[in-house]
Amino acid sequence: MKRIIASCIAIIMTASACQSQSNFKEPTVFKNDNVEIRQLDEHTWHGNGHRVYNESIYLIEGEKSAILIDAGTYMPGLRKVVEDIVKKPVTLILSHGHGDHIGAMEEWDEIWMNAADEVLLSDKAYKGKKHYLTDGQKFDLGGRTIEVVFTPGHTPGSTTFLDAKSHYGFSSDAFGSGNLLVFTDLSTELASSQRLTRFIEKYDIKYLYPGHYWGDNLETPQRVKDVGTICESILDGTMKPNAKSNNPSLPYIVEQSGVKINYGEAQIR
């Protein structure tokens, strides 16, 4: 399992090196050596770390409560930072179990996660209480509702969160981080693309914030569709890899329409 997580981080870092620089336009509200937090709108914030190319966290506030999606790679003191921003307790929810998204989770006595990714936490035992997300679950924050949509593919438990009223969502590494790593299989990724597209159309979602956000890589509805189209083409044999990764776990790359998918022989099913 450590090898899988290390592979994930290595591939992201390799791809990220090709990016020029961060292009954030949002104002910074907090900054230290490990995390910088910027305000996206009146009640939503984005934070990025510096260990795995802008590994991202998202602080989402309602009238009654707030949630934090993900906990970075190394962000000590994160709980106090985010609770100072919103002036209320913050519930931590994990988008998936990779090491660059769970770094500060020990600061919370309770967390929410997709049970399918619990195995990914085995190398970093969590001593607090785990609550398991359900597909379609809604977090009522008071005047703001965040809906849980399971989108496996990157990992078995990869999860997207939608704010239907605001017409945007948070896809973490399931979609939009610039370099999709499919650790399950392409059929699962295809199904998640098609399923998430239905939610996007239902709620008129304009964009998704990814798990590695650098200011100008919001995921679009079209690219979510394109992920599915590419997976389908690989599976039916009409599309072949057009690049190779230096990572033996996911050696093949298809890059098309602004989408980059990494996979291996084990994923062609």
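Predicted model: local features only at pLDDT ≥ 70, side-chain atom pairs only at ≥ 80, totals over all residues.

Student: What makes aspartate 185 a cap at the N-terminal end of helix 3?

Tutor: Look at the distance: a side-chain oxygen of aspartate 185 lies 3.2 Å from the backbone nitrogen of serine 187. A polar contact needs an N or O pair within 3.5 Å, so this pair qualifies.

Student: How do you know that the length of helix 3 fits its 18 residues?

Tutor: Helix 3 covers residues 186–203, and at 1.5 Å a residue it should span 26 Å. Its end C-alpha atoms are 26 Å apart, so the two values agree. Just after helix 3, aspartate 204 takes a positive phi of about 55°.

Student: Why are some residues of helix 3 called buried?

Tutor: Buried means under 20% relative accessible area, so residues below that cut-off get the name. In helix 3 they include Leu186, Leu190, Leu196, Phe199 and Ile200. Among the elements covering the buried residues are strand 10, helix 4 and strand 17.

Student: Which strand gives the largest share of the lining?

Tutor: Strand 12 does, with three residues. By class, the lining has six nonpolar, four polar and one charged residues.

Note on methods. Residues numbered from 1 in each chain as written. Heavy atoms only, no water. Helix = DSSP H or I, 4+ residues; strand = E, 2+ residues; numbered from the N terminus. Nonpolar A, V, L, I, M, F, W, Y, C, P; charged D, E, K, R; others polar. Expected span 1.5 Å × (residues − 1). Buried < 20%, exposed > 50% of the residue type's maximum accessible area, 1.4 Å probe, protein only. Contact = heavy atoms within 4.5 Å. Polar contact = N/O pair within 3.5 Å; in protein donor to acceptor, adjacent residues only side chain to side chain.
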